[in-house]
Amino acid sequence: MIRISRVLAALALTSSAFAHTIPQTAAPQTAKPAVAPAPAPRDPAATNALLTAPLPADQAAMKAHVLFLASDAMKGREAGSPEFDIAAQYVAAQFYAAGLRPAGDDGGYLQRVPLVTYKAADQGAMVWSGARGAPQPLVFGEDYIPAANPARADTVVSAPVVFAGRGIVAPQLGVDDYAGVDVRGKIVALFGGSPTTFPGEERSYFGSAATKAQIAAARGAVGIVMLDAPRPGGRERPFSALAAGYANPRMTWATPAGTGSSPAPSTPVLGTLSQAGAAKLFAGSATPWAAIVAQAKTDNPRYTATPLAGSLTATTRTAFVAAASSNVVGIVPGSDPVVGKEVVILSAHLDHIGVSPAAAGDAPDRDRINNGALDNAIGIASLIEEAKRFTASGTPPKRTVIFLAVTGEEKGLVGSSWFVDHPTVPIASIVADVNLDMPVLLYRFEDMIAFGAQRSTLGPIVTKAVNGVGVGLSPDPMPEQGFFTRSDHFNFVRKGIPSVFLWPGIKGAGRAPFEDFLANRYHRPGDDLTQPILWDQGVRFVATNYAIAREIADGAARPVWNTGDYFGTTYKGPMAK
């Protein structure tokens, strides 16, 4: 599942909620929380008892997939690892056994995804030249930290600086942080985040570094520096914490030149300034830094864009290491002579976060393998079993259905990003994506949640399908967390394709085990087969997803965005009204 931070604080407010930190570069990333201490070694006897209990055939089939994919031998299925490659071959074999045709590269099931790991190669340099003073070098770790540029090994940008608040342009929400300023050829200085008054999904979208970079690039800016913001109530994140991790590696898909993809290659994030560093840039400006700090400490501040009195020269160097991984793609051709050319994507991510590094004082046998049973081996198991239902039904779908197991979700939705930019079918033929990510099947679910369903005609389709199998559809119980923007389906949204992200609901008895999973097992070695996974609920989950996918595949009309929906309007793809 895409990264969750501040989980426990959010749970205290909403009883179950997700959040993400904002990355410090413009590349699409998902900031990973620190891995919690691993649990004590497993009890082999208890584990064996869980693994050998007999199950009905349909439940046993699901469990068998998870037994393999979440085994210690897979070492957490990290993208770019040999173990992930083995997992991908397993899924390809299961697609073959299910009767899917290959839809990857060169007539096979695998679609190669070139990857690159990138990180800051050194401390870089930043020099501020005020309007009337001598050039003033900023101090690494005190005033600034550099950001790696996924698009270039060497970056030098020298330009005047304009402060543009949070860098948001959303007229429909009453915010234009660039109003009254021209940033063409300039560096913009921005705070992270977005107003808490925004709807949850828009709040997440405008809070992302990728969105801010794209907005800045569209206005002609040549670079971005992020400002370390004061926190309301006086609590402030120490800049030293950022400085300590400035050279942590990140991953994206690689270009033919061996560098990485970027949402705004013309407008790189150059680094982050501490409050002390920002004060140096604001010296002599019409709006003093002290006034900005006072605003930032209020609830939902509104900033006025202002040019600063000088120019900044930023130099960064980025180191790259090539890697590779694969998506797995299988297809059931559509039977209808007209709509059979349209494609419904069913997606789930295959990767997880690998093995946690050893910590000082760890016992030699301490478990550090993040098996990823619920996140997302069971989503892949659901995808495979859903494929079997399509091919075993005896009635091919009217529309073509593609089953897509993607790599690199945990690295920032990398595999799905590669697929939508390098699709194995025409992108204009894809009419919907239904995404399965981290179903927490530790309780008998009473409802389903379809994040984003209300944004398109997928909403009524999903409602009809889940009601038909005796499961209710509940509204998003945590809209402030903006889940719709935080998993692989959102890369399809960026291409204008209506999409939904499905979960078992947390109604009734579901809330407590769901919250316990987030607090104690999510992205930890405890997400393994020792959990009390209810395999009969896995079968119900597959049945519900199959009903939804079948309804979309056989529906009289292709899904379209609801009139006026923000994402449908922003990303004018083939499915926009």
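The crossing of helices H3 and H4 is right-handed, a crossing being left-handed if the near helix is turned anticlockwise from the far one by less than a right angle, and right-handed if clockwise. Helices (H or I, at least four residues) and strands (E, at least two) are DSSP runs, numbered from the N terminus. The contact is made by Ala64, His65, Phe68 and Leu69 of H3 together with Ile86, Ala87, Tyr90 and Gln94 of H4, contact meaning heavy atoms within 4.5 Å. By class, the residues of this contact comprise 6 nonpolar, 2 polar and no charged; Ala, Val, Leu, Ile, Met, Phe, Trp, Tyr, Cys and Pro count as nonpolar, Asp, Glu, Lys and Arg as charged, and the others, Gly among them, as polar.

The model is predicted, with local features requiring pLDDT of at least 70 and side-chain atom pairs counted only at pLDDT 80 or more, whereas totals for chains, interfaces and linings use all residues. Residues are numbered from 1 along each chain as its sequence is written, and side-chain values use heavy atoms, with hydrogens and water left out.

The chain contains 16 helices and 19 strands. Of its 577 residues, 57% count as buried, that is, under 20% relative accessible area, with exposed meaning over 50% and partly exposed in between (1.4 Å probe, protein chains only). Among contacts with a separation of 6 or more, 83% involve residues 24 or more positions apart.

Helix H4 (residues 82–98) also packs with H10, at an angle of about 20° and with the axes 9 Å apart. Axes are lines fitted to C-alpha atoms, for helices over the stretch in contact, and angles run from 0 to 180 degrees between N-to-C directions. H4 and H10 are therefore roughly parallel, since angles under 35 degrees are classed in this way, over 145 as roughly antiparallel, 65 to 115 as roughly perpendicular and the rest as oblique. The crossing of H4 and H10 is right-handed. Val91, Gln94, Phe95 and Ala98 of H4 meet Ile380, Leu383, Ile384, Ala387, Lys388 and Thr391 of H10. This contact has 7 nonpolar, 2 polar and 1 charged residues.

The largest nonpolar core has 77 residues, and those with the most contacts inside it are Val66, Phe95, Leu346 and Phe403. Such a core is a set of buried Ala, Val, Leu, Ile, Met, Phe, Trp, Tyr and Cys residues joined through side-chain atoms within 4.5 Å. Helix H10 (residues 373–392) supplies the largest share of this core, 10 residues. A second, separate core of 31 residues includes Val169, Tyr178, Phe198 and Ala216.

Helix H6 (residues 209–218) is largely enclosed by the rest of the structure, because 7 of its 10 residues are buried. These are Ala209, Ala210, Thr211, Lys212, Ala213, Ile215 and Ala216. Their covering includes strand S7 (169–170), strand S9 (187–191), helix H5 (200–207) and strand S10 (223–227). H6 is followed by Gly220, whose phi is positive, near 90°.

Phe239 is located in helix H7 (residues 239–244) and is buried, with a relative accessible area of 10%. Not counting residues up to four places away in sequence, Phe239 touches Gly141, Glu142, Asp143, Tyr144, Ile145, Asp228, Thr272, Leu273 and Ser274. Phe239 and Ala276 are 37 residues apart in sequence, with a C-alpha to C-alpha separation of 9.8 Å in space.
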